[in-house]
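Let's walk through this chain together, starting with the overall fold and then settling on one helix. Have the sequence and the model open as you read.

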Amino acid sequence: MLDFRDAVYYPVVAFLDGNNPYDPAAYFATYPVGNVFALYAPLTLLVHLPFGMLPFLPSAVAYFLASVACMVGLAHVTLRMGRLEPTPAAVFAIAFGIVISQPGQWTLFLGHCAPV
């Protein structure tokens, strides 16, 4: 969950603490991160705000579960848009395909914001 730590969790924590996550020197000095917060839109901080209100480990677990739920939702929408019946088996089969793809693995194991 390195990407989650550096691009989601600690930028939101910095924002909630009243610090500027876009200031690399202060960000590195204050938080245990490996990379600077990229120039994501400030809306990213608001979208991920609930994750910054928890301690890191519960937040990472919540992010993982939210990512899985988004993948299942994406599979459901994909079937509906294809005018196919979204049976549980079909939804989970497509969600499984998303999970085993490279972007799906990046999302679930690194916290990368790829398919969701």
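This is a predicted model: local features need pLDDT of at least 70, side-chain atom pairs count only at pLDDT 80 or more; totals for chains, interfaces and linings use all residues.

Residues are numbered from 1 along each chain as its sequence is written, and side-chain values use heavy atoms, with hydrogens and water left out.

The chain has six helices and zero strands, where helices are DSSP runs of H or I of at least four residues and strands are runs of E of at least two, numbered from the N terminus. Its C-alpha trace spans about 50 × 25 × 20 Å along the principal axes. Of the 116 residues, 30% are buried, meaning under 20% relative accessible area with a 1.4 Å probe, protein chains only. The accessible surface, from the Shrake-Rupley method with a 1.4 Å probe, is about 6,800 Å², and carbon and sulfur atoms hold 72% of that. Contacts are heavy atoms within 4.5 Å; among those between residues at least 6 apart in sequence, 52% join residues at least 24 apart.

Now to α4, residues 56-81. How far apart should the ends of its 26 residues be? The expected span is 1.5 Å times one less than the number of residues, so α4 should span 38 Å, and its end C-alpha atoms are 36 Å apart, which agrees.

The buried residues of α4 are S59, A60, Y63, S67, M71, A75 and L79. Their cover includes α1 (2-16), α5 (88-100) and α6 (102-110). Just after α4, R83 takes a positive phi of about 55 degrees.

Definitions and conventions:
Buried means under 20% relative accessible area, exposed over 50%, partly exposed in between (1.4 Å probe, protein chains only).
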